[in-house]
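Here are my notes on this model, point by point. Please read them with the structure open.

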Amino acid sequence: MNAIATHATAAAIRLQESTLDPADAVQDLSHPAGEPILFEVKAGQTLRIVDLEGNQAADVIFYNRHDNAEHYSATETMLRQGGIYLTTGSVLYSNDGRAMLTIVADTCGRHDTLGGACAAESNTVRYALQKKFMHSCRDNYLIALQHADIGLTTRDLVPNINFFMNVPVTAEGDLQFADGVSGPGKYVEMQAAMDLWVLISNCPQLNNPCNAYNPTPTRLLVWDPA
Amino acid sequence: MNPTETLDDPLKVIPANPLSTAPVDAPSFWQRFPPAALAGVATDRVMWSEIMPGGGHWSWRMPRGSALRFIALEAGTNASIVLYAAQEKLERYNMPDSLKAQHTAHYQRGHVLMSDMGRSMASFTADSLGWHDPLGALLDAELMTKKYGEHRFAAHRNTMYRSGKDGLLIEIGKYGLSRRDLIAPVNLFSKVSVDAEGRFAFAPDHAKAGDFTELRFDMDVILAISAAPHPLDPAPDYAPKKLGLMAWRCGAAPADDYCRAFRPENARALHNTDMLYL
(Lines give C-alpha, C1' and ligand atoms only; values in the text may rest on other atoms or scores of the structure.)
Protein backbone atom coordinates (compact mmCIF):
# COMPACT_ATOMS: atom_id res chain seq x y z
CA MET A 1 0.00 0.00 0.00
CA ASN A 2 1.15 3.50 -0.58
CA ALA A 3 2.54 5.60 2.20
CA ILE A 4 -0.24 8.13 2.02
CA ALA A 5 -3.27 5.89 2.51
CA THR A 6 -1.77 3.67 5.23
CA HIS A 7 -1.06 6.72 7.36
CA ALA A 8 -4.55 8.12 7.06
CA THR A 9 -5.31 10.13 10.19
CA ALA A 10 -8.67 11.46 9.10
CA ALA A 11 -11.63 10.92 11.41
CA ALA A 12 -15.29 11.79 11.37
CA ILE A 13 -15.14 13.55 14.70
CA ARG A 14 -12.53 14.14 17.43
CA LEU A 15 -13.60 16.27 20.39
CA GLN A 16 -11.00 18.12 22.43
CA GLU A 17 -11.47 20.99 24.87
CA SER A 18 -8.97 23.81 25.22
CA THR A 19 -7.12 24.81 28.38
CA LEU A 20 -6.66 28.41 27.23
CA ASP A 21 -8.34 31.17 29.24
CA PRO A 22 -10.09 33.94 27.27
CA ALA A 23 -8.86 36.39 29.90
CA ASP A 24 -5.32 35.78 28.63
CA ALA A 25 -6.14 36.37 24.94
CA VAL A 26 -4.26 39.17 23.17
CA GLN A 27 -7.21 39.66 20.81
CA ASP A 28 -10.87 39.09 21.57
CA LEU A 29 -13.46 40.45 19.20
CA SER A 30 -16.93 39.82 17.93
CA HIS A 31 -17.20 39.16 14.20
CA PRO A 32 -20.61 40.51 13.18
CA ALA A 33 -23.00 38.43 11.10
CA GLY A 34 -22.50 38.55 7.35
CA GLU A 35 -19.27 40.57 7.37
CA PRO A 36 -15.65 39.97 6.28
CA ILE A 37 -12.46 40.41 8.30
CA LEU A 38 -8.76 40.19 7.41
CA PHE A 39 -6.13 40.07 10.15
CA GLU A 40 -2.71 38.68 10.97
CA VAL A 41 -1.82 35.74 13.17
CA LYS A 42 1.84 35.12 13.98
CA ALA A 43 3.64 31.79 14.04
CA GLY A 44 3.07 30.15 17.42
CA GLN A 45 -0.12 32.06 18.18
CA THR A 46 -3.40 30.23 18.68
CA LEU A 47 -6.63 31.31 16.97
CA ARG A 48 -10.04 30.32 18.32
CA ILE A 49 -13.31 30.78 16.42
CA VAL A 50 -16.45 30.51 18.57
CA ASP A 51 -19.83 29.69 17.01
CA LEU A 52 -21.73 31.90 19.46
CA GLU A 53 -25.29 30.95 18.54
CA GLY A 54 -24.78 27.69 16.67
CA ASN A 55 -24.51 26.49 13.04
CA GLN A 56 -22.94 29.68 11.73
CA ALA A 57 -20.54 29.03 8.85
CA ALA A 58 -17.16 30.75 9.18
CA ASP A 59 -15.59 30.66 5.68
CA VAL A 60 -11.82 30.94 6.15
CA ILE A 61 -8.75 31.11 3.87
CA PHE A 62 -5.20 31.34 5.21
CA TYR A 63 -2.23 32.90 3.37
CA ASN A 64 1.46 32.97 4.14
CA ARG A 65 1.98 36.54 5.47
CA HIS A 66 5.28 36.77 3.57
CA ASP A 67 4.34 35.06 0.29
CA ASN A 68 0.97 35.72 -1.35
CA ALA A 69 1.42 32.69 -3.60
CA GLU A 70 1.24 30.29 -0.66
CA HIS A 71 -2.31 29.64 0.51
CA TYR A 72 -4.37 27.07 2.35
CA SER A 73 -4.98 24.07 0.10
CA ALA A 74 -8.05 21.90 0.62
CA THR A 75 -6.65 19.21 -1.69
CA GLU A 76 -3.21 19.01 -0.03
CA THR A 77 -4.88 18.93 3.39
CA MET A 78 -7.28 16.14 2.41
CA LEU A 79 -4.58 14.11 0.63
CA ARG A 80 -2.10 14.29 3.52
CA GLN A 81 -4.61 13.24 6.16
CA GLY A 82 -6.33 10.75 3.84
CA GLY A 83 -9.86 12.10 4.22
CA ILE A 84 -12.26 15.00 4.05
CA TYR A 85 -13.28 16.12 7.54
CA LEU A 86 -11.30 18.57 9.64
CA THR A 87 -11.16 18.02 13.40
CA THR A 88 -8.72 17.94 16.33
CA GLY A 89 -5.29 16.89 15.04
CA SER A 90 -5.94 17.91 11.43
CA VAL A 91 -2.97 19.74 9.96
CA LEU A 92 -3.95 22.48 7.50
CA TYR A 93 -1.49 22.35 4.59
CA SER A 94 -0.58 24.90 1.95
CA ASN A 95 -0.35 24.48 -1.81
CA ASP A 96 3.39 24.06 -1.24
CA GLY A 97 2.75 21.06 1.03
CA ARG A 98 3.79 22.92 4.19
CA ALA A 99 1.91 22.90 7.49
CA MET A 100 0.19 26.25 8.05
CA LEU A 101 -1.77 25.45 11.22
CA THR A 102 -2.79 22.49 13.38
CA ILE A 103 -6.24 22.15 14.94
CA VAL A 104 -5.47 21.74 18.65
CA ALA A 105 -8.95 21.90 20.18
CA ASP A 106 -12.42 21.36 18.80
CA THR A 107 -15.71 21.08 20.67
CA CYS A 108 -17.74 20.92 17.45
CA GLY A 109 -15.81 17.95 16.08
CA ARG A 110 -16.28 18.23 12.34
CA HIS A 111 -15.65 20.95 9.78
CA ASP A 112 -15.99 21.08 6.00
CA THR A 113 -13.33 21.79 3.39
CA LEU A 114 -15.22 20.70 0.25
CA GLY A 115 -18.23 23.02 0.06
CA GLY A 116 -16.40 26.26 -0.68
CA ALA A 117 -17.75 29.77 -0.27
CA CYS A 118 -21.02 31.14 -1.58
CA ALA A 119 -20.92 33.65 -4.43
CA ALA A 120 -23.55 35.70 -6.23
CA GLU A 121 -22.62 33.84 -9.42
CA SER A 122 -22.92 30.36 -7.92
CA ASN A 123 -26.19 31.41 -6.28
CA THR A 124 -27.59 32.02 -9.79
CA VAL A 125 -26.73 28.41 -10.58
CA ARG A 126 -27.77 26.80 -7.32
CA TYR A 127 -31.04 28.65 -6.70
CA ALA A 128 -32.25 31.02 -9.44
CA LEU A 129 -30.81 33.56 -11.86
CA GLN A 130 -32.63 36.29 -9.93
CA LYS A 131 -30.69 35.57 -6.73
CA LYS A 132 -27.70 37.51 -7.97
CA PHE A 133 -28.18 40.75 -6.00
CA MET A 134 -27.53 39.34 -2.53
CA HIS A 135 -24.64 39.32 -0.08
CA SER A 136 -22.14 36.51 -0.50
CA CYS A 137 -18.89 35.24 0.96
CA ARG A 138 -16.94 35.89 -2.21
CA ASP A 139 -18.05 39.51 -2.38
CA ASN A 140 -17.06 39.76 1.28
CA TYR A 141 -13.62 38.34 0.46
CA LEU A 142 -13.20 40.73 -2.46
CA ILE A 143 -14.13 43.88 -0.54
CA ALA A 144 -11.74 42.92 2.26
CA LEU A 145 -8.92 42.31 -0.24
CA GLN A 146 -9.66 45.47 -2.26
CA HIS A 147 -9.51 47.68 0.82
CA ALA A 148 -6.42 45.95 2.22
CA ASP A 149 -4.62 46.29 -1.16
CA ILE A 150 -1.88 43.85 -0.16
CA GLY A 151 -1.57 42.07 -3.49
CA LEU A 152 -4.13 39.33 -2.88
CA THR A 153 -6.86 39.19 -5.55
CA THR A 154 -9.65 37.02 -6.88
CA ARG A 155 -7.09 34.50 -8.18
CA ASP A 156 -6.22 33.84 -4.53
CA LEU A 157 -9.80 32.98 -3.53
CA VAL A 158 -9.09 29.27 -3.39
CA PRO A 159 -11.33 26.56 -1.87
CA ASN A 160 -11.81 27.55 1.76
CA ILE A 161 -12.63 25.91 5.07
CA ASN A 162 -16.21 26.09 6.32
CA PHE A 163 -15.83 25.87 10.06
CA PHE A 164 -18.91 24.48 11.82
CA MET A 165 -20.41 23.09 8.59
CA ASN A 166 -21.20 19.41 7.98
CA VAL A 167 -20.92 18.33 4.32
CA PRO A 168 -20.69 14.53 4.14
CA VAL A 169 -19.90 12.46 1.05
CA THR A 170 -21.96 9.27 0.73
CA ALA A 171 -20.63 5.87 -0.37
CA GLU A 172 -22.39 6.47 -3.69
CA GLY A 173 -20.39 9.66 -4.25
CA ASP A 174 -23.12 12.17 -3.49
CA LEU A 175 -22.40 15.38 -1.64
CA GLN A 176 -24.87 16.15 1.13
CA PHE A 177 -25.55 19.26 3.13
CA ALA A 178 -26.44 17.67 6.42
CA ASP A 179 -27.69 19.13 9.65
CA GLY A 180 -24.98 20.86 11.55
CA VAL A 181 -23.06 19.18 14.35
CA SER A 182 -22.32 22.56 15.88
CA GLY A 183 -24.25 24.41 18.56
CA PRO A 184 -24.14 27.58 20.65
CA GLY A 185 -20.71 28.20 22.16
CA LYS A 186 -18.88 25.45 20.30
CA TYR A 187 -15.43 26.39 19.11
CA VAL A 188 -12.41 25.33 17.10
CA GLU A 189 -8.87 26.33 17.94
CA MET A 190 -5.73 26.14 15.85
CA GLN A 191 -2.08 26.96 16.32
CA ALA A 192 -0.20 28.72 13.53
CA ALA A 193 3.04 27.21 12.19
CA MET A 194 3.88 30.32 10.13
CA ASP A 195 2.96 34.00 10.03
CA LEU A 196 -0.46 34.23 8.40
CA TRP A 197 -3.09 36.40 6.86
CA VAL A 198 -6.49 35.14 8.04
CA LEU A 199 -9.39 36.01 5.73
CA ILE A 200 -12.85 35.20 7.09
CA SER A 201 -16.32 35.76 5.73
CA ASN A 202 -18.97 35.27 8.37
CA CYS A 203 -21.33 33.68 5.86
CA PRO A 204 -24.35 35.82 4.84
CA GLN A 205 -26.10 33.05 2.85
CA LEU A 206 -29.91 33.27 3.13
CA ASN A 207 -30.86 30.79 0.41
CA ASN A 208 -30.26 27.58 2.30
CA PRO A 209 -30.48 26.36 5.88
CA CYS A 210 -26.71 26.28 6.51
CA ASN A 211 -27.12 29.21 8.93
CA ALA A 212 -30.72 28.26 9.83
CA TYR A 213 -31.69 31.28 7.64
CA ASN A 214 -30.34 33.46 10.43
CA PRO A 215 -26.66 34.44 10.15
CA THR A 216 -25.21 35.24 13.57
CA PRO A 217 -21.95 36.67 14.95
CA THR A 218 -18.89 34.66 15.88
CA ARG A 219 -16.13 35.45 18.38
CA LEU A 220 -12.46 35.50 17.44
CA LEU A 221 -9.71 35.10 20.03
CA VAL A 222 -5.93 34.99 19.65
CA TRP A 223 -3.40 33.88 22.26
CA ASP A 224 0.37 34.34 22.25
CA PRO A 225 2.45 31.18 22.66
CA ALA A 226 2.65 30.05 26.30
CA MET B 1 -0.34 5.09 -40.77
CA ASN B 2 -1.15 1.45 -40.41
CA PRO B 3 -4.14 1.10 -38.06
CA THR B 4 -2.93 -2.31 -36.91
CA GLU B 5 0.20 -0.86 -35.33
CA THR B 6 0.55 -1.31 -31.62
CA LEU B 7 0.08 1.49 -29.09
CA ASP B 8 3.77 2.24 -28.80
CA ASP B 9 4.75 5.18 -26.68
CA PRO B 10 5.80 7.87 -29.15
CA LEU B 11 8.49 8.81 -26.65
CA LYS B 12 9.90 5.30 -26.33
CA VAL B 13 9.86 4.52 -30.03
CA ILE B 14 11.21 7.76 -31.44
CA PRO B 15 9.73 8.02 -34.94
CA ALA B 16 11.78 9.08 -37.93
CA ASN B 17 11.59 12.77 -38.83
CA PRO B 18 9.11 13.47 -41.66
CA LEU B 19 10.27 13.97 -45.22
CA SER B 20 10.64 17.59 -46.27
CA THR B 21 8.14 16.91 -49.07
CA ALA B 22 5.46 15.85 -46.55
CA PRO B 23 6.42 17.76 -43.44
CA VAL B 24 3.30 17.40 -41.28
CA ASP B 25 3.45 14.19 -39.31
CA ALA B 26 -0.04 14.11 -37.81
CA PRO B 27 -1.00 10.43 -37.83
CA SER B 28 -4.56 9.35 -37.16
CA PHE B 29 -3.75 7.89 -33.77
CA TRP B 30 -7.45 7.34 -33.15
CA GLN B 31 -7.34 4.44 -35.61
CA ARG B 32 -5.27 2.56 -33.03
CA PHE B 33 -7.79 3.10 -30.22
CA PRO B 34 -10.04 0.18 -29.14
CA PRO B 35 -13.10 0.30 -31.45
CA ALA B 36 -15.52 0.28 -28.50
CA ALA B 37 -13.96 3.53 -27.29
CA LEU B 38 -15.04 5.24 -30.54
CA ALA B 39 -18.75 4.64 -29.88
CA GLY B 40 -20.85 7.61 -30.98
CA VAL B 41 -17.99 9.50 -32.65
CA ALA B 42 -18.31 10.47 -36.32
CA THR B 43 -14.70 9.56 -37.00
CA ASP B 44 -14.66 11.34 -40.38
CA ARG B 45 -14.89 14.58 -38.38
CA VAL B 46 -11.93 13.94 -36.10
CA MET B 47 -9.63 16.97 -36.35
CA TRP B 48 -6.73 15.64 -34.37
CA SER B 49 -5.85 12.74 -32.11
CA GLU B 50 -2.95 12.01 -29.83
CA ILE B 51 -1.41 9.31 -27.69
CA MET B 52 -0.08 10.86 -24.49
CA PRO B 53 2.49 8.66 -22.75
CA GLY B 54 2.03 8.00 -19.05
CA GLY B 55 3.57 10.87 -17.09
CA GLY B 56 3.28 13.15 -20.11
CA HIS B 57 1.56 16.52 -20.17
CA TRP B 58 0.24 19.01 -22.71
CA SER B 59 -2.27 21.81 -23.09
CA TRP B 60 -4.70 22.99 -25.73
CA ARG B 61 -7.00 25.92 -26.33
CA MET B 62 -10.37 24.25 -26.94
CA PRO B 63 -13.01 26.47 -28.56
CA ARG B 64 -16.69 26.52 -27.58
CA GLY B 65 -18.46 23.78 -29.48
CA SER B 66 -15.47 21.45 -29.66
CA ALA B 67 -15.42 17.98 -28.12
CA LEU B 68 -12.53 16.00 -26.70
CA ARG B 69 -12.76 12.30 -25.96
CA PHE B 70 -10.34 10.82 -23.42
CA ILE B 71 -9.54 7.11 -23.79
CA ALA B 72 -7.81 4.91 -21.22
CA LEU B 73 -5.41 2.95 -23.44
CA GLU B 74 -4.37 0.75 -20.51
CA ALA B 75 -6.00 -0.30 -17.27
CA GLY B 76 -5.35 2.24 -14.52
CA THR B 77 -4.89 5.38 -16.62
CA ASN B 78 -5.22 8.66 -14.74
CA ALA B 79 -5.66 12.04 -16.43
CA SER B 80 -5.45 15.16 -14.24
CA ILE B 81 -7.10 18.11 -15.98
CA VAL B 82 -7.42 21.82 -15.16
CA LEU B 83 -9.49 24.40 -17.05
CA TYR B 84 -9.13 28.19 -17.39
CA ALA B 85 -11.34 30.51 -19.47
CA ALA B 86 -9.22 31.46 -22.48
CA GLN B 87 -10.61 34.99 -22.68
CA GLU B 88 -10.16 35.76 -18.97
CA LYS B 89 -7.83 33.39 -17.18
CA LEU B 90 -8.98 34.65 -13.78
CA GLU B 91 -12.13 32.67 -14.50
CA ARG B 92 -11.35 29.02 -13.87
CA TYR B 93 -12.82 25.66 -12.96
CA ASN B 94 -14.01 25.69 -9.36
CA MET B 95 -14.18 22.37 -7.52
CA PRO B 96 -16.43 23.38 -4.59
CA ASP B 97 -18.88 25.35 -6.74
CA SER B 98 -19.21 22.44 -9.18
CA LEU B 99 -19.64 19.84 -6.45
CA LYS B 100 -22.15 21.69 -4.31
CA ALA B 101 -24.26 22.87 -7.26
CA GLN B 102 -24.63 19.27 -8.46
CA HIS B 103 -24.63 17.68 -4.98
CA THR B 104 -21.95 15.30 -6.13
CA ALA B 105 -18.49 14.04 -5.23
CA HIS B 106 -18.01 12.19 -8.53
CA TYR B 107 -18.47 13.05 -12.21
CA GLN B 108 -20.31 11.10 -14.89
CA ARG B 109 -22.30 11.84 -18.08
CA GLY B 110 -24.60 14.80 -17.47
CA HIS B 111 -22.35 16.63 -15.03
CA VAL B 112 -20.73 19.92 -16.00
CA LEU B 113 -17.51 21.60 -14.86
CA MET B 114 -18.43 25.05 -13.54
CA SER B 115 -16.26 28.13 -13.18
CA ASP B 116 -16.17 30.51 -10.23
CA MET B 117 -18.38 32.78 -12.36
CA GLY B 118 -21.33 30.40 -12.35
CA ARG B 119 -20.78 29.20 -15.90
CA SER B 120 -20.41 25.78 -17.40
CA MET B 121 -16.91 25.52 -18.90
CA ALA B 122 -17.30 21.94 -20.19
CA SER B 123 -19.88 19.17 -20.03
CA PHE B 124 -19.54 15.40 -19.71
CA THR B 125 -21.35 14.32 -22.87
CA ALA B 126 -20.28 10.65 -22.99
CA ASP B 127 -18.77 8.30 -20.44
CA SER B 128 -18.25 4.55 -20.07
CA LEU B 129 -17.20 4.61 -16.39
CA GLY B 130 -19.73 6.51 -14.26
CA TRP B 131 -17.17 7.85 -11.78
CA HIS B 132 -14.34 10.31 -12.24
CA ASP B 133 -12.60 11.77 -9.19
CA PRO B 134 -13.17 15.48 -8.51
CA LEU B 135 -11.44 15.61 -5.12
CA GLY B 136 -8.35 17.17 -6.65
CA ALA B 137 -5.42 15.21 -5.19
CA LEU B 138 -2.11 15.60 -7.06
CA LEU B 139 1.31 14.07 -6.52
CA ASP B 140 4.04 16.63 -6.09
CA ALA B 141 7.74 15.97 -6.65
CA GLU B 142 8.43 15.38 -2.94
CA LEU B 143 5.63 12.84 -2.41
CA MET B 144 6.57 11.19 -5.69
CA THR B 145 10.19 10.68 -4.65
CA LYS B 146 9.03 9.33 -1.29
CA LYS B 147 6.76 6.85 -3.03
CA TYR B 148 8.72 5.80 -6.12
CA GLY B 149 12.29 6.92 -5.49
CA GLU B 150 14.43 9.28 -7.52
CA HIS B 151 14.57 9.06 -11.31
CA ARG B 152 16.84 11.56 -13.03
CA PHE B 153 16.81 12.45 -16.70
CA ALA B 154 20.43 11.30 -17.18
CA ALA B 155 19.38 7.69 -16.59
CA HIS B 156 15.76 7.67 -17.73
CA ARG B 157 15.61 10.19 -20.57
CA ASN B 158 12.10 10.60 -21.94
CA THR B 159 10.52 7.84 -19.92
CA MET B 160 8.65 10.71 -18.37
CA TYR B 161 9.05 10.73 -14.59
CA ARG B 162 7.19 13.83 -13.54
CA SER B 163 4.54 14.45 -10.93
CA GLY B 164 1.06 15.56 -11.89
CA LYS B 165 1.65 18.85 -10.12
CA ASP B 166 4.88 19.60 -11.98
CA GLY B 167 3.33 18.62 -15.32
CA LEU B 168 0.39 20.96 -14.77
CA LEU B 169 2.66 23.76 -13.50
CA ILE B 170 4.65 23.56 -16.73
CA GLU B 171 1.50 23.67 -18.84
CA ILE B 172 -0.21 26.58 -17.08
CA GLY B 173 3.12 28.41 -17.00
CA LYS B 174 2.90 28.58 -20.80
CA TYR B 175 -0.06 30.95 -20.35
CA GLY B 176 1.55 33.12 -17.67
CA LEU B 177 -0.12 31.30 -14.79
CA SER B 178 1.92 30.47 -11.69
CA ARG B 179 1.73 28.12 -8.73
CA ARG B 180 -0.77 30.39 -6.98
CA ASP B 181 -3.08 29.79 -9.96
CA LEU B 182 -2.90 25.99 -9.94
CA ILE B 183 -6.42 24.85 -9.12
CA ALA B 184 -7.79 21.56 -7.83
CA PRO B 185 -7.83 19.27 -10.88
CA VAL B 186 -10.30 16.61 -11.94
CA ASN B 187 -8.71 13.17 -12.03
CA LEU B 188 -10.37 11.45 -14.97
CA PHE B 189 -10.54 7.62 -14.86
CA SER B 190 -9.85 7.49 -11.11
CA LYS B 191 -12.33 6.65 -8.36
CA VAL B 192 -11.91 7.79 -4.76
CA SER B 193 -14.81 7.04 -2.46
CA VAL B 194 -15.25 8.31 1.08
CA ASP B 195 -16.25 6.16 4.07
CA ALA B 196 -18.27 7.09 7.16
CA GLU B 197 -15.11 8.37 8.88
CA GLY B 198 -14.47 10.62 5.90
CA ARG B 199 -11.48 8.54 4.79
CA PHE B 200 -10.49 8.04 1.18
CA ALA B 201 -10.65 4.63 -0.51
CA PHE B 202 -8.98 4.41 -3.94
CA ALA B 203 -10.58 1.86 -6.31
CA PRO B 204 -7.56 0.08 -7.82
CA ASP B 205 -9.39 -1.75 -10.63
CA HIS B 206 -11.60 1.07 -11.83
CA ALA B 207 -10.62 2.05 -15.39
CA LYS B 208 -10.06 -0.73 -17.93
CA ALA B 209 -8.33 -0.40 -21.28
CA GLY B 210 -10.89 1.12 -23.64
CA ASP B 211 -12.85 3.08 -21.04
CA PHE B 212 -13.60 6.59 -22.21
CA THR B 213 -15.12 9.88 -21.23
CA GLU B 214 -15.85 12.99 -23.23
CA LEU B 215 -15.99 16.73 -22.63
CA ARG B 216 -17.84 19.23 -24.78
CA PHE B 217 -16.36 22.68 -24.28
CA ASP B 218 -19.08 25.23 -23.57
CA MET B 219 -16.70 28.20 -23.67
CA ASP B 220 -13.21 28.80 -25.04
CA VAL B 221 -11.03 26.96 -22.56
CA ILE B 222 -7.33 26.51 -21.88
CA LEU B 223 -7.14 22.84 -20.96
CA ALA B 224 -4.02 21.33 -19.37
CA ILE B 225 -3.59 17.60 -18.88
CA SER B 226 -1.11 15.45 -16.98
CA ALA B 227 -1.14 11.67 -17.36
CA ALA B 228 0.84 11.09 -14.14
CA PRO B 229 -0.42 8.54 -11.58
CA HIS B 230 -3.10 9.40 -9.03
CA PRO B 231 -1.46 10.02 -5.62
CA LEU B 232 -3.65 7.38 -3.95
CA ASP B 233 -2.86 4.70 -6.55
CA PRO B 234 -1.39 1.87 -4.44
CA ALA B 235 0.72 0.41 -7.28
CA PRO B 236 4.23 0.19 -5.74
CA ASP B 237 6.11 0.93 -8.97
CA TYR B 238 5.97 4.01 -11.14
CA ALA B 239 4.15 2.79 -14.24
CA PRO B 240 1.89 5.58 -15.53
CA LYS B 241 -0.56 4.55 -18.21
CA LYS B 242 -1.14 5.87 -21.72
CA LEU B 243 -3.97 8.22 -22.58
CA GLY B 244 -5.69 8.56 -25.96
CA LEU B 245 -7.22 11.87 -27.09
CA MET B 246 -9.36 12.78 -30.08
CA ALA B 247 -10.99 16.12 -30.87
CA TRP B 248 -13.72 17.22 -33.24
CA ARG B 249 -16.22 20.03 -33.66
CA CYS B 250 -19.57 19.07 -32.16
CA GLY B 251 -21.31 22.46 -31.87
CA ALA B 252 -22.52 24.25 -28.74
CA ALA B 253 -25.03 22.61 -26.40
CA PRO B 254 -28.44 22.41 -28.12
CA ALA B 255 -31.69 23.33 -26.33
CA ASP B 256 -32.53 19.67 -25.73
CA ASP B 257 -29.04 18.84 -24.44
CA TYR B 258 -28.72 15.93 -22.01
CA CYS B 259 -26.50 17.96 -19.65
CA ARG B 260 -28.94 20.90 -19.60
CA ALA B 261 -31.72 18.54 -18.58
CA PHE B 262 -29.59 16.58 -16.10
CA ARG B 263 -30.15 19.10 -13.30
CA PRO B 264 -31.78 22.57 -13.22
CA GLU B 265 -28.47 23.92 -11.88
CA ASN B 266 -26.74 22.70 -15.03
CA ALA B 267 -29.35 24.38 -17.26
CA ARG B 268 -28.67 27.67 -15.46
CA ALA B 269 -24.88 27.26 -15.66
CA LEU B 270 -25.12 26.57 -19.40
CA HIS B 271 -27.46 29.56 -19.78
CA ASN B 272 -24.88 31.75 -18.00
CA THR B 273 -22.25 30.55 -20.50
CA ASP B 274 -24.57 31.17 -23.46
CA MET B 275 -24.80 34.80 -22.29
CA LEU B 276 -21.07 35.15 -23.10
CA TYR B 277 -21.72 34.32 -26.76
CA LEU B 278 -24.71 36.48 -27.71
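**Notes on the predicted model**

1. This is a predicted model. Start with Leu129(B). Its contacts, leaving out residues up to four places away in sequence, are Phe189(B), Ala207(B), Asp211(B) and Thr213(B).

2. Where does Leu129(B) lie in chain B? Look in the loop that runs between strand S6 (120-127) and helix H2 (141-148) of chain B.

3. Is Leu129(B) buried or exposed? Leu129(B) is buried, because 20 C-beta neighbours fall inside 10 Å. The cut-off for buried is 20 or more.

4. Next, helix H4 (residues 164-173) of chain B. Seven of its 10 residues are buried, so the helix is largely enclosed by the rest of the structure. The buried residues of H4(B) are Gly164(B), Lys165(B), Gly167(B), Leu168(B), Leu169(B), Glu171(B) and Ile172(B). Their cover includes strand S2 (57-62), strand S4 (79-85) and strand S11 (221-226) of chain B.

5. Now the interface. On chain A, 41 residues are in contact with 45 residues of chain B. Four elements of chain A each supply at least two residues to the side touching chain B: helix H1 (3-6), strand S5 (67-71), helix H2 (74-81) and helix H3 (120-126). H3(A) gives the most, with five residues.

6. What classes of residue make up the side of chain A that touches chain B? That side has 22 nonpolar, 14 polar and five charged residues.

Note on methods
Residues numbered from 1 in each chain as written. Chains lettered and ligands numbered in written order. Predicted model: local features only at pLDDT ≥ 70, side-chain atom pairs only at ≥ 80, totals over all residues. Buried ≥ 20, exposed ≤ 12 C-beta atoms within 10 Å, placed from the backbone. Contact = placed C-beta atoms within 7 Å. Nonpolar A, V, L, I, M, F, W, Y, C, P; charged D, E, K, R; others polar.
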